[in-house]
Amino acid sequence: MTAAVLVLLALAGLLVLAAALLLARGRLVAVTVRGYSMSPTLMPGDRILMLRGRRRVATGRVAVVVAPHPEHGWHAPAGTTPDSWYVKRIVAVAGEPVPHWARRCPGTHVPPGMLVLLGERPGSMDSKQWGYCPEDKLIGTVLLRLRAAAASGAPSSLPS
């Protein structure tokens, strides 16, 4: 074996070790998508790998957030937050212009600590209906799709 191959093997081993540590700490979470709001990017039954926390928050990333309250949206009183999660694309973060379609998001620029979210399927429930999503409602960001849904419509556990 050449020195370059040994270095690559060592790096691969370190990556596997880092991933194992993140999994052990509960930072990496595999979830199953339910619903069509992110189709065609994500379909019901797709398995995705999410990194918990706010480290990778950026425009264009797919995020997992606490679902809005049916009456109060993302600004529900404490203790009334639903147990379900939404999967949506981040389309604007603090300081960026508010998209023209986000009529429930006041102002011209996203305020600090807020996100504008969008489902990719027309008619999805997102910032069009609920306004800004506070960053503290963010559970994590999606790193990758682990497995595409089975053609038969795999069972699911995470609403999009």
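These are my notebook entries on a few local features I looked up in this predicted model.

Entry one, the surface of the helix. I looked for nonpolar side chains at the surface and noted a patch formed by Val 7, Leu 8, Leu 11, Leu 14 and Leu 17, which together have about 500 Å² of accessible area. From this patch I picked out Leu 8, which I placed in helix H1, residues 3-24. Its relative accessible area is 58%, and because exposed means over 50%, I recorded Leu 8 as exposed.

I then turned to Thr 32, which lies in strand S1, residues 28-34. In the loop between S1 and strand S2 (47-52) I came to Pro 40, where the peptide bond from Ser 39 to Pro 40 is cis, with omega near 10°.

I searched the whole structure for aromatic pairs and the search returned zero. I next asked which charged side chains sit over rings, and noted that Lys 88 lies over the face of Tyr 86, at 4.7 Å from the ring centre. I recorded another such arrangement at Trp 101, where the charged end of Lys 128 sits over the ring, 5.8 Å from its centre.

Conventions. Residues numbered from 1 in each chain as written. Predicted model: local features only at pLDDT ≥ 70, side-chain atom pairs only at ≥ 80, totals over all residues. Heavy atoms only, no water. Patch = residues over 30% accessible without salt bridge, like charges linked within 9 Å, V, L, I, M, F, W, Y side chains within 5 Å. Areas by Shrake-Rupley, 256 points an atom, 1.4 Å probe, with all protein chains shown as cover. Salt bridge = Lys/Arg side-chain N within 4 Å of Asp/Glu carboxyl O. Helix = DSSP H or I, 4+ residues; strand = E, 2+ residues; numbered from the N terminus. Buried < 20%, exposed > 50% of the residue type's maximum accessible area, 1.4 Å probe, protein only. Phe/Tyr/Trp six-rings, centres within 6.5 Å; stacked < 30°, edge-to-face > 60°. Lys NZ or Arg CZ within 6 Å of the ring centre and 35° of its normal.
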